[in-house]
Amino acid sequence: MFRNINLKVISNTVVIYMLFAFVWWAMLLHIKNNDAFVAKKELLQRVMLENGVISQQDEMYSRPEFHALQSKYDHQEQMIYGEGLVFILSLFFGIYMINQGHKSKVESEKQTRNFLLSITHELKSPLTSIRLALETIQKRELDRENRTKLCVNGIDESDRLINLVNDLLLAARVESSYQPLLEKIDIQEKITSAVQNYRQKFPDATITWEPIGFPIYIMADNTGMRSVIDNLIDNALKYSFKDQNINIGILVREDKVSIKIADHGIGISDENKRKIFDKFYRIGNEDTRTTKGTGLGLYIVNEIIRIHHGKIAVTDNSPQGTVFEITLPLSIS
Ligand code: ADP
């Protein structure tokens with residue numbers, strides 16, 4: 001922080017100095033040019049009078065020699081002001097670019113810090129739960145019901161870890177080596193299976209999903225598409241808090257299918273709508289946040305949709321909440 005402020009003070013001082021120095025040099029050049037013009041004008045006048053080209057001083061102003069001198073002077077003045085303008089514009093453009101670069105560096109450092117904080121927590125918390133469950137089973141004489149409860153809890157936590165590791169691997173792959181294994185899949189089947197899974201995991205949540213009566217085929221990578229659907233449903237539930245009421249809809253339009261996942265949760269501001277697809281980006285501050293996550297989900301979703309030649313859009317739900325809409329090309333075969 002201190003280093004950033006120092007850097008700003010130094011760069012602003014340099015810029016102000018450059019501007020003053022430039023104005024000073026421009027004025028000096030203007031004065032010198034003026035002096036040179038006056039001196040040359042007087043010399044021309046004297047030579048013309050001596051050689052009898054003109055009889056009176058004022059006659060010089062209508063002579064072509066004077067016009068040539070005047071236009072040279074005007075040209076030099078234009079050069080001084082033109083160059084000056086280019087210099088000032090370049091200076092401001094340079095400052096703008098430096099500031100943008102600086103801003104995005106600070107933003108990316110903040111996101112990396114947030115990611116490290118959240119990933120540490122995301123790794124530590126399931127491991128602690130699993131260890132606690134195993135220790136309890138080891139040390140205490142438990143009846144069958146309690147032992148099963150602890151085992152189920154341990155399995156859930158290890159699933160959470162597996163999902164996290166899968167997300168990390170997928171994020172690394174979409175950046176470099178992700179080759180979608182395209183096959184013809186019925187997207188409704190994938191949504192139905194994901195919805196069943198989430199209804200089991202969150203029995204109190206209301207997930208409305210009505211598949212239309214015929215299969216909708218797309219060419220897609222099975223695992224990638226499942227990750228897209230899971231991430232969007234997961235977020236819709238996670239950022240809904242109390243009112244876990246989400247609607248999933250599907251629509252076929254010409255050669256495309258569009259899937260909408262709408263929640264009535266906390267919503268996303270317009271400014272954040274542009275940022276949430278950035279890697280590691282999470283709204284708010286990691287020190288105060290209570291929701292679990294790494295900021296990788298929507299980055300993965302966006303990349304996978306892009307690789308499948310699809311689109312993703314985020315809008316506000318009414319009266320509150322968020323709608324994510326993905327559009328994908330239908331399979332033509
Ligand atoms: P995370 O692991 O934090 O959920 P994501 O990449 O999936 O990461 O989402 C990035 C951020 O976008 C989240 O931290 C959250 O602030 C915001 N977000 C995502 N989905 C929703 C939603 N349905 N409602 C409100 N905010 C959301």
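Predicted model: local features only at pLDDT ≥ 70, side-chain atom pairs only at ≥ 80, totals over all residues.
Local features rest on pLDDT of at least 70 and side-chain atom pairs on pLDDT 80 or more, whereas totals for chains, interfaces and linings use all residues. Residues are numbered from 1 along each chain as its sequence is written, and side-chain values use heavy atoms, with hydrogens and water left out.

Of the 20 residues around the ligand, those that come nearest are Asn235, Tyr239, Arg282, Thr294 and Leu298 (a residue is near if one of its heavy atoms lies within 4 Å). A polar side-chain atom of Arg282 is placed 2.4 Å from a ligand oxygen atom. The ligand taken alone exposes 530 Å², of which the protein buries 96% (Shrake-Rupley method, 1.4 Å probe). Elements giving two or more residues to the shell are α5 (222-238), α7 (297-307) and β7 (322-329), with the largest share, three residues, coming from α5 (DSSP runs; helices, H or I, of at least four residues and strands, E, of at least two, numbered from the N terminus).

Arg282 also belongs to the lining of the largest cavity, together with Glu107, Lys110, Gln111, Asn114, Phe280, Tyr281 and Gly284. A cavity is a set of points, on a 1 Å grid over the protein atoms alone, where a 1.4 Å probe fits but cannot get out; lining residues have an atom within 4 Å of a point. Both domain 1 (2-111) and domain 3 (182-329) contribute to this lining, so the cavity lies between them (bounds from an automatic or database domain assignment).

Note on methods. 1 Å grid on protein atoms, 1.4 Å probe; cavity = no way out; pocket = protein on both sides within 12 Å on 5 of 7 lines; lining within 4 Å. Polar contact = N/O pair within 3.5 Å; in protein donor to acceptor, adjacent residues only side chain to side chain.
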